[in-house]
Amino acid sequence: MEGGVGKVSGQNGQVKGRERGRRVGLNCMYFNARGLTGKADELRAWIGTSDWDVVAMTETWLREGQDWQLNVPGYRSFRRDRGEGKRGVGFTSSEAIWVELRKG
């Protein structure tokens with residue numbers, strides 16, 4: 001798997017950190033999965049040993065109806081399969097942040 005790591009700035013350009021005991025900003029990771037089948041254990045370990053708020057995935061290569069779930073404690077996962085071929089996206093977010101999905 002290849003990917004990138006980014007820290008999203010908070011107000012006034014503050015990067016993730018602690019402010020009066022509270023976290024500031026989001027800790028995000030992106031990667032091009034080039035297929036998620038067979039990579040669930042590796043991905044679970046990667047997410048479980050880090051402090052990611054959001055993990056974005058491209059090229060999941062999952063097909064509609066294919067049974068594949070990430071199931072990382074403390075996280076919710078979402079995916080959008082793109083029919084046939086090597087496409088698809090997904091993301092996993094910490095249960096500590098609010099996520100609202102809208103179809104459109």
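The legends below describe close-up views of a predicted model.

**Figure 1. Overall layout of the predicted protein.**
The protein contains one helix and seven strands. Their order along the sequence is β-β-β-β-α-β-β-β. Of the 104 residues in the protein, 29% are buried. Three salt bridges are present in the structure.

**Figure 2. Strand E4 and its pairing with strand E5.**
Strand E4 covers residues 26-32, and five of its seven residues are buried, so E4 is largely enclosed by the rest of the structure. E4 pairs with E5 in the parallel sense, over five bridges. Within this pairing, the residue opposite Cys28 is Val54 in E5.

**Figure 3. Antiparallel pairings of strand E7.**
Strand E7 spans residues 89-94 and strand E6 spans residues 75-80. E5, which spans residues 54-58, runs antiparallel to E7 and is joined to E7 by five bridges. Met57 stands opposite Gly90 of E7. E6 also pairs with E7 in the antiparallel sense, here over six bridges. Phe78 has Phe91 in E7 as its bridge partner.

Asp41 and Arg44 form a salt bridge, with 2.7 Å between the closest N and O atoms. Helix H1 covers residues 40-48, and because the two residues are three apart in this helix, about one helical turn separates Asp41 from Arg44. Asp41 is exposed, at a relative accessible area of 61%. Arg44 has 26% relative accessibility and therefore counts as partly exposed. Side chains of opposite charge can pair when their charged atoms come close.

**Figure 4. Salt bridge between Asp81 and Arg79.**
The closest N and O atoms of Asp81 and Arg79 are 2.8 Å apart, and the two residues form a salt bridge. Asp81 has a relative accessible area of 19% and is buried; the cut-off for this class is under 20%. Arg79, at 32% relative accessibility, counts as partly exposed.

**Figure 5. Salt bridge between Arg102 and Glu100.**
In this salt bridge between Arg102 and Glu100, the closest N and O atoms are 3.0 Å apart. Arg102 counts as exposed because its relative accessibility is 70%. Glu100 is partly exposed, with a relative accessible area of 48%.

**Figure 6. Patch of positive charge on the surface.**
Four residues, Arg80, Arg82, Arg87 and Lys103, gather in a surface patch of positive charge. One of them, Arg82, is located in the loop between strands E6 and E7. Arg82 has a relative accessibility of 42% and so counts as partly exposed. A residue can belong to such a patch only with over 30% relative accessible area and no salt bridge.

Most residues other than glycine have a negative phi. Trp61, which is not a glycine, has a positive phi of about 60°. Trp61 lies in the loop that connects strand E5 with E6. With a relative accessible area of 29%, Trp61 is partly exposed. Asn71, also a residue other than glycine, has a positive phi near 50°. Asn71 is placed in the loop between E5 and E6. Asn71 counts as exposed, its relative accessibility being 53%.

**Figure 7. Trp68 and Gly38.**
Trp68 sits in the loop between E5 and E6. At 15% relative accessibility, Trp68 counts as buried. Trp68 and Gly38 are separated by 30 residues in sequence and by 9.5 Å in space, taken from C-alpha to C-alpha. The loop that holds Trp68 also holds Trp61 and Asn71; Trp68 is buried, whereas Trp61 is partly exposed and Asn71 is exposed.

Definitions and conventions. Residues are numbered from 1 along each chain as its sequence is written. This is a predicted model: local features need pLDDT of at least 70, side-chain atom pairs count only at pLDDT 80 or more; totals for chains, interfaces and linings use all residues. Side-chain values use heavy atoms; hydrogens and water are left out. Patches are made of residues with over 30% relative accessible area and no salt bridge: like charges are joined within 9 Å, nonpolar side chains (Val, Leu, Ile, Met, Phe, Trp, Tyr) within 5 Å. Accessible areas come from the Shrake-Rupley method with a 1.4 Å probe; for residues, only the protein chains shown count as cover. A salt bridge is a side-chain nitrogen of Lys or Arg within 4 Å of a carboxyl oxygen of Asp or Glu. Lys and Arg count as positive and Asp and Glu as negative; His and the chain ends are not counted. The place of a charge is taken as NZ of Lys, CZ of Arg, CG of Asp or CD of Glu. Helices (H or I, at least four residues) and strands (E, at least two) are DSSP runs, numbered from the N terminus. Buried means under 20% relative accessible area, exposed over 50%, partly exposed in between (1.4 Å probe, protein chains only). Two strands pair if DSSP finds at least two bridges between them.
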